[in-house]
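I opened this entry to look up one protein, from single residues to the whole chain. My notes follow the display.

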Amino acid sequence: MSNTTIPANTPEQNRFVSISDFKDCMRWGGEVQFEWNNVSYSITHIGDEQISISVSFKQETEKIYDTADEVLEYMVGSDRLRDVITKVTVLDRTI
């Protein structure tokens, strides 16, 4: 029996091509790790209803939202996520 290795996606393959792409990912329960201006952020889901976003490993920065539109208002540094979601470096992404 042989083993097959599946390489990880590149940041270019993981990136969001539009706000709708991001919203679809959130609607389907996607989890995302991304970087913006050398700061790493994490987006996870809490149950079936809420979405958590924070600076990675900094619990005090966590904000919890009910919709993807609300998440897009989160400030990543001095930028609103909505304005940069197609420009961030997506390090890991489900869906």
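I started with a pair of residues: Q33 stands opposite D92 in β7. The model is predicted, so I kept to local features with pLDDT of at least 70 and side-chain atom pairs at pLDDT 80 or more, while totals for chains, interfaces and linings use all residues. Residues are numbered from 1 along each chain as its sequence is written, and side-chain values use heavy atoms, with hydrogens and water left out.

I then looked up how β1 and β7 are joined. Strand β7 covers residues 89-93 and runs antiparallel to β1, with 4 bridges between them. Two strands count as paired if DSSP finds at least two bridges between them.

Next I checked β2, residues 39-46, which pairs with β1 in the antiparallel sense over 5 bridges. E35 is opposite S40 in β2. The two strands form a hairpin with 2 residues between them, and N37 in the turn has a positive phi of about 50°.

Which residues of β1 lie on its covered face? I found V32, F34 and W36 there, with Q33 and E35 on the uncovered face.

Last, I took the whole protein. I noted 4 helices and 7 strands; these are DSSP runs numbered from the N terminus, helices (H or I) of at least four residues and strands (E) of at least two. Along the sequence the pattern is α-α-β-β-β-β-α-β-β-α-β. Buried residues make up 33% of the 95 residues, where buried means under 20% relative accessible area, with a 1.4 Å probe and protein chains only.

Conventions
Buried < 20%, exposed > 50% of the residue type's maximum accessible area, 1.4 Å probe, protein only.
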